[in-house]
Amino acid sequence: MIRNFILAFWLLVLSTEAFAIHPYKDYVALPSQAGMSYDSLNIPTADHFRLTGWCCKPTKDSTDILVILAGTDAGNMSYDLQVAQIVAQKFPVLLFDYRGFGSSQAFAYDANAIGHPEYLIDLDAAVSYAQKNYPSKKIVIYGRSLGAALALIEGSMRTGIAGVVAESPYESQALLAKHYKDENPNDKVKPIESDSLEPLKHIQNFRGKKLLILHGKSDKHILTAEMIDLIQRAPVANKKLTIFPGCDHLELPIKAPQKFWEVMGEFLIQCE
C-alpha cells in the first residue's frame with residue numbers, strides 16, 4: 001500500500017497552487033497502490049471529449065451510495081487518492097480527470113484562470129455516466145475547491161442528486177480573486193466570465209436533497225462568512241456547515257481525518 005504521507009505531501013503541494021489551473025499528466029499513484037480495487041473508466045462528454053476515471057470500491061459494498069469526487073484546479077485525480085481512501089472505507093468513489101488533466105483528452109487552458117466552463121460539462125458527464133452505469137446507486141457529489149463550486153452548480157441544475165458535499169467552494173470568482181490578490185498582489189489569477197463558474201448565481205435554485213459544506217477556519221482566500229452566506233441561500237431543509245479549526249484550504253482530510261470521516265460518513269449515511 002502506498003504510504004499516506006506521500007499523498008499527503010502532494011495534497012499540501014496542491015493547496016499552495018490552488019486558484020489557478022495547474023494540470024499534471026503523470027499519476028503519483030494508482031488506486032491499487034493505495035490498497036483499493038478499482039475499475040478504469042472512459043467517460044464521454046456532451047461536447048465529445050473523452051475523460052479518464054477510476055471507480056474505487058470498498059472491500060464490502062453494502063451501500064446504495066456512489067460518491068463522485070470532483071477535484072481541484074491542480075494536479076489530477078491521483079492527488080485525491082488519500083481522500084478517496086478515507087471515503088472508500090464504506091462507499092464506492094468515482095474519481096475523474098477534467099479535460100487536460102491526467103490522461104483525459106488534451107485541452108487548451110489558461111493557466112491564470114480560476115476555471116473554465118468546460119469543467120462543469122466534465123462533471124455533468126461524470127454524473128451522467130454514473131447514473132447510466134450504476135443505476136442502482138444514489139449519487140452524491142463531493143467537490144473540493146474548484147470542484148466544490150462546480151458541485152454546487154451541478155446540484156442546482158440537475159435533479160435526482162441525493163446529496164452534495166462542498167469542501168471550501170468559492171462563493172464568486174470575483175471575491176476569490178480579490179482575497180487572493182490581497183495576499184499575492186503580483187499574481188495574475190483571473191476570473192473567467194461565465195455563469196457556469198458562479199455558485200452565487202445558482203445556489204438559490206439548489207435541487208440536491210441534502211447539502212454539506214466543509215470549510216477550514218484558517219482559509220485566508222475563501223472566508224467563513226461566504227460559506228455561511230452560501231448555506232443560508234440554499235433552499236433545502238437538510239443542510240449543514242461544518243467548520244474545521246486550525247485547517248487551511250484543502251487541509252481538512254490531512255489535518256483532521258477523524259473529524260472529516262465522522263462528518264462525511266454521517267452525511268453519506270443520511271443520503272442512503
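Buried here means under 20% relative accessible area, exposed over 50%, and partly exposed in between, with a 1.4 Å probe and protein chains only. This is a predicted model, in which local features need pLDDT of at least 70 and side-chain atom pairs count only at pLDDT 80 or more, while totals for chains, interfaces and linings use all residues. Residues are numbered from 1 along each chain as its sequence is written, and side-chain values use heavy atoms, with hydrogens and water left out.

Take Arg99 to begin with: at a relative accessible area of 1%, Arg99 is buried. Its side chain makes a polar contact of 2.7 Å with that of Asp47 (N or O atoms within 3.5 Å, where within protein one must be able to donate a hydrogen and the other to accept it, and residues adjacent in sequence count only if both atoms are side-chain atoms). Arg99 also sits over the face of Phe49, 4.1 Å from the ring centre (CZ of Arg or NZ of Lys within 6 Å of the centre and within 35 degrees of the ring normal).

Now for the rings. The structure holds 11 aromatic pairs, that is, Phe, Tyr or Trp (six-membered ring) with centres within 6.5 Å, stacked if the planes are under 30 degrees apart, edge-to-face over 60 and tilted for the rest. Tyr24 and Tyr79 make a tilted pair, 5.7 Å centre to centre with 35° between the planes. Of these, Tyr24 is partly exposed at 29% relative accessibility, whereas Tyr79 is buried at 4%. Tyr98 and Phe101 have ring centres 5.6 Å apart and planes at 75°, so they pair edge-to-face. Ring pairs also tie Phe49, Phe96, Tyr98, Phe101, Phe107 and Tyr119 into a cluster.
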